[in-house]
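Please look over the sequence and the three-dimensional view shown below before reading on. The report that follows takes up one chain by itself and then turns to the place where two chains touch.

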Amino acid sequence: MTKVNTDNHTKKELVKKALKKMLYNKKLVQDYIKGKVDLKTVEEAGIKFVDPI
Amino acid sequence: MKFIEDETLFILTNNVEFEQVYQIVIDNTTDTKPPFDSRVFLTIEAIIIEFFKDTQKILVFVCDTMDGKQLARFKKFNRWHEKSKHNQSIKKLNDNYTDTDVELFYSIMIHKSNPKFKHLKSAFFSIKELLINDKP
């Protein structure tokens, strides 16, 4: 995981981006579950499916 | 239901490394709204219990905002957690943030036996502090 050291304003923007990225990842996975996008599209977005159970 | 590796939320937790962070994504396989099924709760509960057999795993999720029903989802997940068998050993921490008129609800679930429990709790709530901090 890449760690970031920066000022408060930049941190705030990074956290906002992080939340949006989480939402984006979720939407892409939801589309995959529904068969609207293929696995390649998901993987190209940097998303890695895992089976942690 | 799918799990994805997702350490995005903890990108700014400079002092402590968090590993085994997963985002859980739950959805129907079609756009058709399914009828109420009480077994959904039981299924998810069983999966959560199985997931936390390894107490060092961390589960994160953000409520879907696509249809504006994120608050309803947030409340439902909270109700499920409150009535679950595991709510004493697995803690669910919640927070929210409104950005450009969209209210985001995000949560993490951590096992109480996780050796980084206090650090995780602190890191999680520091996210909101960063979000509301307007100092340069």
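Predicted model: local features only at pLDDT ≥ 70, side-chain atom pairs only at ≥ 80, totals over all residues.

## Layout of chain A

Along its sequence, chain A follows the pattern α-α-β, that is, two helices and one strand.

Of the 53 residues in chain A, 19% are buried.

## Confidence in chain A

The average pLDDT of chain A is 87, and 89% of the residues score at least 70. Within this chain, helix α2 (residues 39-44) has the highest confidence, at 95, whereas helix α1 (residues 8-33) has the lowest, at a mean of 89.

## Where chain B touches chain A

The contact between the two chains involves 37 residues of chain B and 31 residues of chain A. On the side of chain B that touches chain A, at least two residues each are supplied by several elements, including the strands β2 (21-25), β4 (90-99) and β5 (102-111) and the helices α1 (39-51) and α3 (117-132) of chain B. The largest share, four residues, comes from β1(B). Sorted by class, this side of chain B has 18 nonpolar, 12 charged and seven polar residues.

## Strand pairing between the chains

Strand β1 (residues 49-50) of chain A is joined to β1(B) by two bridges, and these two strands run antiparallel. Which residue of β1(B) is the bridge partner of A:Val50? The partner is B:Phe3, in the strand that also gives the largest share of the side of chain B that touches chain A.

Key. Residues numbered from 1 in each chain as written. Chains lettered and ligands numbered in written order. Contact = placed C-beta atoms within 7 Å. Nonpolar A, V, L, I, M, F, W, Y, C, P; charged D, E, K, R; others polar. Pairing = 2+ DSSP bridges. Buried ≥ 20, exposed ≤ 12 C-beta atoms within 10 Å, placed from the backbone. pLDDT = per-residue confidence, 0-100.
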